[in-house]
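Let's take a walk through this structure, beginning with the ligand and then moving out to a few local details. Have the sequence and the 3D view open as you read.

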Amino acid sequence: MVMPRPRVVVVGAGVAGLTAARYLSGSFDVVVVDKGRGVGGRLATRRIGDATFDHGAQFITTHTPEFAEVVAGWERAGVARPWFQGRIGRNGIIDPDGHTRFRGVATMNAIAKHLAEGLDVRVSSRVVALAPSDAGWRMRLDDATDVAADAVVLTAPVPQALALLAAGHVVLSAGDAQALQAIRYEPCLAVLAALDGPSGLGGPGAVSPAEGSIDWMADNSRKGVSTVPAVTIHATAEFSRSHLESSDEIVIEELVRAAELRAKPIEGQAQVQRWRFARPTRVHPERCLVLEGLPPLVCAGDAFGGAKVEGAALSGTAASEAVSSLLGQADPPMRKSASVEDR
Ligand SMILES: Cc1cc2nc3c(=O)[nH]c(=O)nc-3n(C[C@H](O)[C@H](O)[C@H](O)COP(=O)(O)OP(=O)(O)OC[C@H]3O[C@@H](n4cnc5c(N)ncnc54)[C@H](O)[C@@H]3O)c2cc1C
């Protein structure tokens, strides 16, 4: 008799969750659930009219050989390519010898779609509670259905992950509670505006004043994301914190004024995205956290081990290793490139 494979449910179809799911799918029955309408999480792209915007992560850098190999796989698969070299300042690139900035082809979200290929991903599925059961975990979704799992990889931003555990009446060990509560994020308000002409942004189509109200601006048409002029403006953490509850009109007006673009937003084609947990500012020292004294549950994401897309990917890999070991997988399918070409 063939034994059913253990089921792993991955909460979150961002880079961390999809990376973990890809590795785990070789040995387990893996389901990924995400509350969003599509995959990618903060690797996000949106359309407004004819304009297309990367409005979360803007580019990818590699600082470890492991992740450089992953990005090389994405390049070979045609979903990533270099955008520019070095750090961007107020007037363009300020250290041309710095790290290569990779972008998605054609969008950042295309990388997430690539990672999701062949996986059982259920979007528009919000987990509202996670509770231990005799067999592992029981997950309540917002449509009032339950999903059972032998193990869980939880990649929602940590405050949201803690809320799911609290809703399931999970009692964390003192050490785990302290570790998770220590993690901090900063918000980022993003304005996405289709323009009535070229933005006037120089260099590779991006600037990073990092003062006043604007942290970063990118011209999505110069980047190759949009066929028509379209700018993404990211506010500084300070502006974002103080305007989290301001109306969209105020946020758009203030950031567009500060941007001093050559062209104007097209009426009705500017939107605000409120990233409440944009970037972790205090991360957990390990790449994932296995909760103590509970059925197998591994917390992962960019708040574990290192921020950014790289940190999220490496955390996803670490989480898959931890789950494999918790479920007694003798020879976990680790270290293969997280690229579909290699599946
Ligand atoms: C404005 C901005 C700019 C950035 N710029 C860069 C950059 O240039 N370079 C860089 O490397 N990084 C950048 N980052 C950071 C980068 O985007 C993240 O580090 C990375 O995408 C995080 O991936 P993740 O999988 O850990 O989390 P996420 O992408 O946040 O994925 C978590 C997923 O969990 C889902 N989820 C949450 N709660 C539930 C629930 N209850 N039920 C079901 N699903 C749930 C969410 O919908 C989400 O899809 C930026 C981020 C932002 C917001």
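## Around the ligand

The ligand has 32 residues around it, and the closest are D34, R42, F59, V127 and D302. A residue counts as near a molecule if one of its heavy atoms lies within 4 Å of it. Keep in mind that this is a predicted model, where local features need pLDDT of at least 70, side-chain atom pairs count only at pLDDT 80 or more, and totals for chains, interfaces and linings use all residues. Residues are numbered from 1 along each chain as its sequence is written, and side-chain values use heavy atoms, with hydrogens and water left out.

| Residue | Part of the residue | Distance to a ligand oxygen |
|---|---|---|
| V15 | backbone N or O atom | 3.2 Å |
| D34 | side-chain N or O atom | 2.6 Å |
| V309 | polar backbone atom | 2.9 Å |

How much of the ligand does the protein cover? It covers 94% of the 1000 Å² of accessible area that the ligand has on its own; such areas come from the Shrake-Rupley method with a 1.4 Å probe. The elements giving two or more residues to this shell are helix 1 (15-24), helix 4 (158-167), strand 18 (265-282) and helix 9 (308-326). Helices (H or I, at least four residues) and strands (E, at least two) are DSSP runs, numbered from the N terminus.

By type, the shell splits into 14 nonpolar, 11 polar and seven charged residues. Here Ala, Val, Leu, Ile, Met, Phe, Trp, Tyr, Cys and Pro count as nonpolar, Asp, Glu, Lys and Arg as charged, and the others, Gly among them, as polar. Domain 1 (1-87 + 98-183 + 283-343) and domain 2 (186-281) each supply at least three residues to the shell, with bounds from an automatic or database domain assignment.

## Aromatic rings

Searching the whole structure turns up six aromatic pairs, meaning Phe, Tyr or Trp rings (the six-membered ring for Trp) with centres within 6.5 Å. F67 and W74 have ring centres 5.8 Å apart and planes at 85°, so this pair is edge-to-face, the label for planes over 60 degrees apart. Both F67 and W74 are buried, that is, under 20% relative accessible area. Elsewhere, ring pairs join F59, W83, F84 and W216 into a cluster, and F59 is also one of the residues closest to the ligand.

W275 sits in strand 18 and is buried, with a relative accessible area of 14%. L189, in strand 14 (residues 184-195), is buried at 0% relative accessibility. L189 and V272 are 83 residues apart in sequence, yet 6.9 Å apart from C-alpha to C-alpha.

Where does the chain have a cis peptide bond? One runs from V105 to A106, with omega near -5°, and A106 belongs to the loop between strand 8 (100-104) and helix 3 (108-116).

H169 isn't a glycine, but has a positive phi of about 60°. H169 is in the loop between helix 4 and helix 5 (174-181) and is exposed at 67% relative accessibility, the cut-off for exposed being over 50%. K308, in helix 9, also has a positive phi, near 75°, and counts as exposed at 57% relative accessibility.

Technical notes
Polar contact = N/O pair within 3.5 Å; in protein donor to acceptor, adjacent residues only side chain to side chain. Phe/Tyr/Trp six-rings, centres within 6.5 Å; stacked < 30°, edge-to-face > 60°. Buried < 20%, exposed > 50% of the residue type's maximum accessible area, 1.4 Å probe, protein only.
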